[in-house]
Amino acid sequence: MSLKALWAFESREFLRTHTVGKEITFTSLHSLPSNDDVPRDLGNAEVGGVDLTSELLKSGWAKLKEIKRELTEEDLKKRELENEARAAGRGLWNPHGPQARAVHHTMPEDSQAFITEWKGKSLDATCHKLCLTGLRTQAIVEYVRDGTTLRVRLLMPDGEHQIVNIALAGVRSPRASTKQGEPSEPWGEEAKFFTESRLLQRPVRVVILSLPTSTATPFQSGPNAAAPQPASIFIGTVLHPSGNVAEFLVAAGLARVVDWHAGMLANNGGMERLRAAEKSAKEKRACLYANLPAASAAYKANNGSVSSGQSKTFDATVVRVWSGDQLSVIEKDSGKERRIQLSSTRGPKLSDPKQAYYAQEAKEFLRKKLIGKHVKVTIDFVRPREGDFEERECATVHYGGQNGNIAEQLIEKGLASIVRHKRDDEDRSSEYDKLIAAEQVAVAETRGIHSGKEIPAPKQPLNISETAARATQYLNGFKRLGKIPAVVDYVAAGSRFKIYLPKDNQTLTLVLAGIRAPRGARNVTDKGEPYGIEAADYALRRCMQRDVEFEVDSVDKSGGFIGCLYLNKENFALALVKEGLAAVHTYSAEGLSWARQLNEAEAEAKTARLNIWSDYDEESEKAEVAADASDTGALKAEYLDVIISDVRIKSGFGFSVQILNTEGIASLEKLMRDFSIHHQNPVAAPPGFVPKGGDLVSAKFSDGAWYRAKIRRASPIKKEAEVTFIDYGNQDTVAFSNIRPLDPRFRSLPGQAHEARLSFVKLVGPTSEYQQEAVDRFSQLCEGRKLVANIDHKEGSLLHLRLIDPENPASTSDPFACINADLVADGLAMIDRKGCNYLASYPQVVKRLRDSVLAAKRDRLGIFEFGDVEEDD
């Protein structure tokens with residue numbers, strides 16, 4: 001009987017409910033020709049001793065065929081049952097006819113609308129329910145194509161029937177043959193029989209979860225994506241009274257778990273149950289898993305300890321975020337630093353312009369969430385070294401009171417994607433299903449990398465410490481702001497940091513004022529200073545990528561800002577000194593408001609003999625202090641005839657002098673004549689010659705002549721070197737092509753230029769608008785002229801000179817008249833109380849200088865033109 005005939009569905013339902021799943025006794029009376037290799041017989045059937053034909057007639061769900069032969073007693077009994085049903089109006093004898101219903105045999109044309117229409121609506125108070133995860137309704141399984149693909153009849157609450165194709169969520173069985181002669185995949189027929197024997201023609205509950213729309217690859221989806229085609233199948237869960245058939249299929253080893261369905265099953269724990277069933281089947285090596293290879297070393301690590309012998313799960317502190325999926329942690333117990341990759345997580349690439357914005361966002365998300373925080377790390381597997389990629393521990397990281405999975409949060413915000421593992425790849429996150437669910441949420445909400453938006457790559461921050469001139473432009477503004485919020489972007493040494501200002505997208509170099517930390521090795525051949533590495537490591541672990549505040553006081557000659565760094569409102573310079581990883585720099589610390597705290601911290605570190613003070617000897621220090629005190633005393637007057645050979649302002653004001661009337665100057669004249677003759681004929685550089693810092697060389701000056709010089713620093717990349725011409729004091733940058741090794745016969749005479757500075761005073765600095773005027777005035781008074789100089793102090797090879805103009809009549813009557821005091825009287829120089837710690841040894845000179853200051857203020861000259869600025873300066 002066709003189901004399109006009147007009462008056909010009701011009649012079939014009566015027979016289905018009485019027979020399917022029950023033991024039946026069948027007596028064959030006649031065999032019919034087979035149909036599709038399926039034998040067909042006519043006969044009688046009994047269920048539990050009850051004749052099915054009699055039950056059908058009695059309930060009115062069948063009619064007797066017209067019988068041309070003589071009726072038997074059995075025929076008469078059946079006729080009676082039919083008449084009884086007709087009289088009672090049962091079944092198809094109901095005078096009112098069957099209930100009208102629409103039966104939709106094809107899939108809904110608007111598949112998404114079909115799911116959306118029923119979402120959140122109650123279908124029936126007793127047997128139908130729609131949960132938040134999808135449409136849940138009673139249904140009848142009409143056909144089983146394979147173990148996990150069914151055709152079901154949905155019994156809708158309005159009485160309509162909708163025929164749909166359902167793929168079981170979370171699993172996939174091997175394909176079974178659907179055509180004659182077509183082979184099935186291994187275990188495909190067994191999986192189909194498993195499902196058929198339990199579900200075919202059975203009443204079930206169906207939860208439609210999703211359409212089988214493939215997820216777009218991040219950065220490939222777009223806002224103008226084409227409308228989806230009508231679906232030929234839904235993904236859903238089929239619930240038998242005994243449970244979810246998918247779980248039983250997996251447990252029997254007749255289906256595999258489908259990873260990307262995890263998001264659909266995450267809310268009710270469905271994926272966890274499937275994983276448990278899969279684990280059971282693998283342990284039993286059932287069916288599909290009969291030939292499962294031995295677990296890999298990495299998989300064993302997931303169930304024990306990591307192959308390297310390190311602990312699998314440990315507490316740690318995050319000290320650095322490398323990218324959107326990599327970070328470094330310090331293990332709590334061992335103190336060892338370990339760099340880890342978030343398992344099954346792929347962050348955006350900073351090198352890809354399309355991904356650069358999200359790469360920076362992902363890194364910043366991790367920094368704000370994790371840097372400096374305590375976390376629990378679970379090593380899932382170790383990714384072996386491959387090509388240019390080093391071996392890397394891959395881990396799941398939990399943090400906070402809620403024990404949140406940071407990778408899950410990152411993916412849910414659309415700031416990373418998951419790695420699609422191969423089917424039998426056990427090297428994956430221990431919470432892989434949660435990551436998939438998080439990504440599906442991000443895709444559904446079009447967040448981050450799934451938004452389809454192309455955001456321009458972030459601009460590179462401006463390095464305001466690139467040059468001293470650029471840094472000086474920002475100095476006064478920073479001073480006015482006081483404490484400035486920033487982020488430590490890089491730790492170059494214990495007391496030297498690269499600071500990032502997010503608000504202005506700027507970076508700068510900050511050097512801690514008042515202290516000196518030991519220098520670490522700069523390259524593999526450089527040993528560095530003792531405890532240099534320890535100081536840098538301490539700074540890195542405490543400060544790297546932390547939110548900080550900083551203040552600036554001045555700028556050094558390379559463009560670095562000198563100031564203070566505050567971490568959690570604590571002066572980090574004090575922390576370094578307390579740990580014995582830095583010493584107080586007396587000269588620079590004198591003017592600091594926290595100088596007393598620095599000295600106290602240093603005293604504590606010395607007493608405890610921490611780090612750099614491990615060999616501290618108090619008696620030896622006292623002896624050195626006494627020696628230093630004698631060094632700052634007044635020197636015996638020593639007047640020399642000099643000439644200023646060079647004036648420099650590039651890295652702070654300074655000059656060079658040649659001492660006249662000496663054998664050296666006479667020898668220099670002869671040497672330069674011979675030197676000039678030596679270079680009249682081109683001198684080729686030896687093969688492979690590369691100048692190095694400290695080398696004595698011949699170098700061509702801008703006037704085209706060759707002079708003796710010393711390499712200050714060389715750049716093999718730029719093929720140029722910074723040199724000092726040792727006989728005149730000039731400094732210049734010279735190409736390697738204009739540098740030759742110095743011939744040995746020109747090496748014996750020492751350099752005739754001496755570096756010098758003014759005694760007692762300093763010219764106004766680069767922040768003053770009077771600096772150029774001060775330099776010009778100095779050049780006018782000194783440059784190219786024969787002067788008399790007195791050496792008041794020696795700082796290594798640097799001479800502190802009091803310059804006297806012999807042509808000035810005042811110099812013959814006033815023993816303290818000098819160019820130094822003249823510059824102060826012009827308002828173009830000031831007493832240098834910090835740089836000249838020998839002032840107290842020359843009280844009369846200081847008195848003369850103070851008189852010059854008063855005169856400049858009185859006449860409003862130079863820097864005093866608009867008032868008294870000496871104290872502010």
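Student: What does buried mean here?
Tutor: Buried means under 20% relative accessible area, and in this predicted model Phe478 counts as buried because its relative accessibility is 6%.

Student: Which ring does Phe478 pair with, and how do the planes sit?
Tutor: The ring of Phe478 pairs with that of Phe561, their centres being 5.4 Å apart and their planes at 65°, so the pair is edge-to-face. Phe478 belongs to helix α13 and Phe561 to strand β27, so the contact ties together parts that are 83 residues apart in sequence.

Student: Is Phe561 buried or exposed?
Tutor: Phe561 counts as buried, with a relative accessibility of 0%.

Student: Which residues make up the cluster?
Tutor: Tyr474, Phe478, Phe550 and Phe561 are linked into a cluster by ring pairs, and the structure as a whole holds 20 aromatic pairs.

Student: Switching topic, how many disulfides are there?
Tutor: The structure holds zero disulfides. For Cys564, the nearest cysteine sulfur is that of Cys543, 11 Å away, while the sulfur of Cys836 lies 12 Å from the closest one, in Cys818, which is too far for a bond.

Student: And is Cys836 buried or exposed?
Tutor: Cys836 is buried, with a relative accessible area of 1%, and Cys564 is buried as well, at 2%.

Student: Now the barrel: what is the strand order?
Tutor: Five strands close into the barrel in the order β30-β31-β37-β40-β39, with mixed pairing, and neighbouring strands of this sheet are turned by 55° against each other on average, direction ignored.

Student: How many bridges join β37 to β40?
Tutor: Three bridges join these strands, which run parallel, and Leu758 stands opposite Leu801 in β40.

Methods:
Residues numbered from 1 in each chain as written. Predicted model: local features only at pLDDT ≥ 70, side-chain atom pairs only at ≥ 80, totals over all residues. Heavy atoms only, no water. Pairing = 2+ DSSP bridges. Helix = DSSP H or I, 4+ residues; strand = E, 2+ residues; numbered from the N terminus. Axes fitted to C-alpha atoms, helices over the stretch in contact; angles between N-to-C directions. Disulfide = S-S within 2.5 Å. Buried < 20%, exposed > 50% of the residue type's maximum accessible area, 1.4 Å probe, protein only. Phe/Tyr/Trp six-rings, centres within 6.5 Å; stacked < 30°, edge-to-face > 60°.
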